Amino acid sequence: MSAPASPPAVRSLRISRSPLGIPRHSVAVRCLKIVSVAPTILTKLQKECATPFPVLRHVADAMTADMCAGLAADGGSDLPMILSFVDNLPTRNEKGLFYALDLGGTNFRVLRVQLGGKDERVVATEFEQVSIPEELMFGTSEELFDFIASGLAKFAEKEGAKYHLPHGTKREIGFTFSFPVRQTSIDSGILIKWTKGFAVSGTAGKDVVACLNEAMERQGVDVRVSALVNDTVGTLAGARYWDDDVMVAVILGTGTNACYVECVDAIPKLQSHNSSSGRTIINTEWGAFSNGIPLTQFDRDMDAASINPGEQIFEKTIAGMYLGEIVRQVLLKMAEASDLFGESNMEKLSTQFVLRTPHICAMQQDNSQDLEAVEAMLYDVAGVKSNLNERKIVLEVCDTIVKRGGRLAGAGIVGILQKMEEDTKGQIYGKRTVVAMDGGLYEHYPQYRRYLQDAVTELLGSEISKNVIIEHTKDGSGIGAALLAASNSNVRSLASRSFRFLRQVQVLLVMNTKAEELVETLHNGLRKKGIHVFHVASLEYRTPQDFVELLLAGVSKSIAAAVLAKQCYSNEESPKVGFPYTVVIVYGPVINNKKKFLFMHHDDKDVQ
């Protein structure tokens, strides 16, 4: 008689203890249930999140098409393609003390930098980071900006001896505001909407610089905002300060965005803004992109429960705020359907955003045989116990979501590069082109970085991709904002010198005649000397200085239209405003029923 068969494995029970002292249960009955259900959910997830070459190609091409549509007309696509009013990037000649304030997530940073010009560059810099209380993210505009202004005031009080503010000057600051804004000038912009989990009341439709200025006045902070920039624009400016080949900047952190250098001629909707360089920086706000993105039911559920359902779809699939939450939803579904994590209490795992992207990143770095770091993270953060098989499933889920995010981000970058290649007729792919990257997600998540680079290489091919350098630029947006504040300050300083010249010569041109006759007389008399005359007398400003400063800073579309759309009284095309072009400005406010006309002549950056 044969020996009786051994008991089936489903009845076996093995108990061990983890290094944390957590009992490890391995019950085969439970494993059978996990094997039969959880992998089915995982397989479906992997299929729906897949980003093979055709999907990447479609996303890149759709990104390019949406960019073109957004540049053609406001509202032409999901991408607003916002004009930044940054036409000239830092030259390395900037000097002086400048501050930067960076608001773009759950923290804000304040920074100061001493610039020493081309030889010394950045002489000294220091910054502080302040956490924003969660209640202020859902509070009022005054509460949020007062908190920020108070933090700036405390930071400014600590200014050391190595920072020098020239006598008679005021501290200036570049304000990095990393939310969708309709920029109206280099130092003003209207908030379109809050993103990244913010829902502050009383700010939408208002000038965010005015909100900050009012808060600084309430807090007694004597600082002037001289540049309003998006974090991506700041990153591009900061990286370009060190490397002239930087053409694109991407933020991949809590949220995401991208900007790039665009030819003015390639912006059909741009009718009244002139750039002396022929280029300008476009803020794409690519988080709003949605064309062709592979989505799952978990993405749809998360979107429906968000504060902005139906919006920022690209951001919700590639940005740091959301990757951990998608993983949490998948694991919760698996636990409910297959007893993943056994009898563990699901209260923590059922809490929205309890599992964050830094947690899934840490788990993916675990190379131990028993995945002990994964075990500890699941227990400490999500409150669930796990066996080795369950921990492997968790890592598969993490990798699926992160792989999709990184590869979609890479496709988005290629979409931008394609647009630039078309505009420049082949001048991007054939030379070294740098994409400056900033943000904690890109910096700290090696798997994400690898998937992003792989997608770029797949789409561009091995040869072209060698010319596209994706380079991390740590904290670039802060220093970039300070550099743009310095650049804009230099423009205003030149405007001030121009006004001093105007005051010296204005008595020579006080005339009681019609504007048209004066313009024609001046034009006929001066055009042989290369001096052009524009009639802008219909524009009303309080003083000539107001007009000159606004014009030279390039902050008013109405001014640009009035100056540039009008032809000189000849068949010649109007020259572009901005140095080293020669410009004459005619200014005509009504004073005592008489026209008072002023002109100035700039030649090669020096007032003559």
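This is a predicted model: local features need pLDDT of at least 70, side-chain atom pairs count only at pLDDT 80 or more; totals for chains, interfaces and linings use all residues.
1. A residue counts as buried under 20% relative accessible area, as exposed over 50%, and as partly exposed in between. Cys263 has a relative accessible area of 23%, so Cys263 is partly exposed.

2. Searching the whole structure turns up zero of them.

3. The overall make-up comes next. The protein chain has 608 residues, and 55% of them count as buried. Its secondary structure comprises 19 helices and 21 strands. The chain exposes about 26,500 Å². Carbon and sulfur atoms supply 51% of that area.

4. Contacts across the sequence deserve a remark. Take the contacts in the protein chain with a separation of 6 or more: 71% of them join residues 24 or more positions apart.

5. Pro39 gives one example of sequence distance against spatial distance. Pro39 and Glu396 are 357 residues apart in sequence. Their C-alpha atoms are 9.8 Å apart in space. Pro39 itself lies in helix 1, which covers residues 28-49. Pro39 counts as partly exposed because its relative accessibility is 30%.

6. Now the aromatic residues. The structure holds 11 aromatic pairs. One of them is Phe177 with Phe179: the ring centres are 5.2 Å apart and the planes stand at 55°, so this pair is tilted. The reasoning rests on the angle cut-offs: planes under 30 degrees apart would be stacked, and over 60 edge-to-face.

7. Are the two partners buried or exposed? Phe177 is buried, because its relative accessibility is 2%. Phe179 is buried as well, with a relative accessible area of 1%.

8. The Phe177 and Phe179 rings also belong to a cluster.

9. Two arginines are placed over phenylalanine rings. Which ring does Arg112 sit over? The charged end of Arg112 is over the ring of Phe155, at 3.9 Å from its centre. Arg109 lies over the face of Phe127, and here the distance to the ring centre is 5.3 Å.

How values were computed:
Residues are numbered from 1 along each chain as its sequence is written. Side-chain values use heavy atoms; hydrogens and water are left out. Rings of Phe, Tyr and Trp (its six-membered ring) pair if their centres lie within 6.5 Å; planes under 30 degrees apart count as stacked, over 60 as edge-to-face and the rest as tilted. Buried means under 20% relative accessible area, exposed over 50%, partly exposed in between (1.4 Å probe, protein chains only). A charge sits over a ring if NZ of Lys or CZ of Arg is within 6 Å of the ring centre and within 35 degrees of the ring normal. A disulfide is a pair of cysteine sulfur atoms within 2.5 Å. Helices (H or I, at least four residues) and strands (E, at least two) are DSSP runs, numbered from the N terminus. Contact means heavy atoms within 4.5 Å. Accessible areas come from the Shrake-Rupley method with a 1.4 Å probe; for residues, only the protein chains shown count as cover.
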